[in-house]
Amino acid sequence: HRRSISGTAQPKLLLDPPRNGVVQVAVHLRRFDITTIASRSKRVHHDHFFVNAIQEIRDLVPSPWRVSVNVMTSTLFAHQAATLRRSASTMYPNATLHLNDKETDTFHAFVTADILVLDWSRFSHLAGLWSRGIKIASEFRYATDCDALWVAATENGHVDKEGFRTAWQEWTSKTPE
């Protein structure tokens, strides 16, 4: 890790540096960090939510912009990592998987992503509140309509297209190309 002048550790950069024409999407995919089935059903989106949201983002981002998808997830036990890698490579074949990175590095990636797709989590919700990018979120126990950059999605991952277009215009008006 790099050190700043003050001596505090700087985050490891998980996303590619900003480039002209590339939109960095960070996806918070909760899986093996929750231990009970009952809790998981209320705190984790199904894969089809993310598959649909990612596809719709790809369709909605106008040409000539390109979309780079980064799936961020973690496991509690080492034996779960192989299962998660296989599952992610099948479900998200054109995405970069970030598995078990430090929480501070993942949080930094969420905050600095151009588009953040949230799972039902306080962790990614807090990052969304700090983010200056577009946030894709389904209804959650916390506010998901904080400003024009928050875009609603259904529980099946279908993104509010008009909301996305509005957020895109807002974001691109503030983002140098």
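Modeller: Gladly, and let's settle the residue classes before we start: Ala, Val, Leu, Ile, Met, Phe, Trp, Tyr, Cys and Pro count as nonpolar, Asp, Glu, Lys and Arg as charged, and the others, Gly among them, as polar. Please keep in mind that this is a predicted model.

Biologist: Thanks! Now to the largest pocket: which helix gives the most to its lining?

Modeller: The largest pocket holds about 520 Å³ of space. Of the 28 residues that line the largest pocket, P18, T112, A113, D114 and W171 are the closest to its centre. Strand 1 (22–28), helix 4 and helix 6 (161–174) each supply at least two lining residues. The one that gives the most, with four residues, is helix 4.

Biologist: And what is the class make-up of that pocket lining, with how many charged residues?

Modeller: The lining of the largest pocket includes 13 nonpolar residues and eight polar ones. The charged residues in this lining number seven.

Biologist: How is helix 4 placed against helix 5: oblique or roughly parallel?

Modeller: Two packed helices are described by the angle between their axes and the distance between the axes. Helix 4 (residues 103–112) and helix 5 (residues 122–130) have axes 8 Å apart and pack at an angle of about 45 degrees. Therefore helix 4 is, relative to helix 5, oblique.

Biologist: Is the crossing of helix 4 and helix 5 left-handed or right-handed?

Modeller: On the helix 4 side, the residues in contact are E103, T106, F107, F110 and V111, and they meet F123, S124, L126, A127 and W130 in helix 5. By class, this contact has seven nonpolar, two polar and one charged residues. As for the crossing of helix 4 and helix 5, the hand is right-handed.

Biologist: Which residues does the cis peptide bond join?

Modeller: Most residues other than glycine have a negative phi, and most peptide bonds are trans. P64 lies in the loop between helix 2 (47–60) and strand 2 (66–73). The cis bond there has an omega of about 10 degrees and joins S63 and P64.

Biologist: What is the phi of N100?

Modeller: N100 sits in the loop between strand 3 (95–99) and helix 4. Although N100 is not a glycine, its phi is positive, at about 60 degrees.

How values were computed:
Residues numbered from 1 in each chain as written. Predicted model: local features only at pLDDT ≥ 70, side-chain atom pairs only at ≥ 80, totals over all residues. Heavy atoms only, no water. Axes fitted to C-alpha atoms, helices over the stretch in contact; angles between N-to-C directions. Parallel < 35°, antiparallel > 145°, perpendicular 65-115°, else oblique. Left-handed = near helix turned anticlockwise from the far one by under 90°. Contact = heavy atoms within 4.5 Å. 1 Å grid on protein atoms, 1.4 Å probe; cavity = no way out; pocket = protein on both sides within 12 Å on 5 of 7 lines; lining within 4 Å. Points joined across faces, edges and corners; volume = space filled by probe spheres on them.
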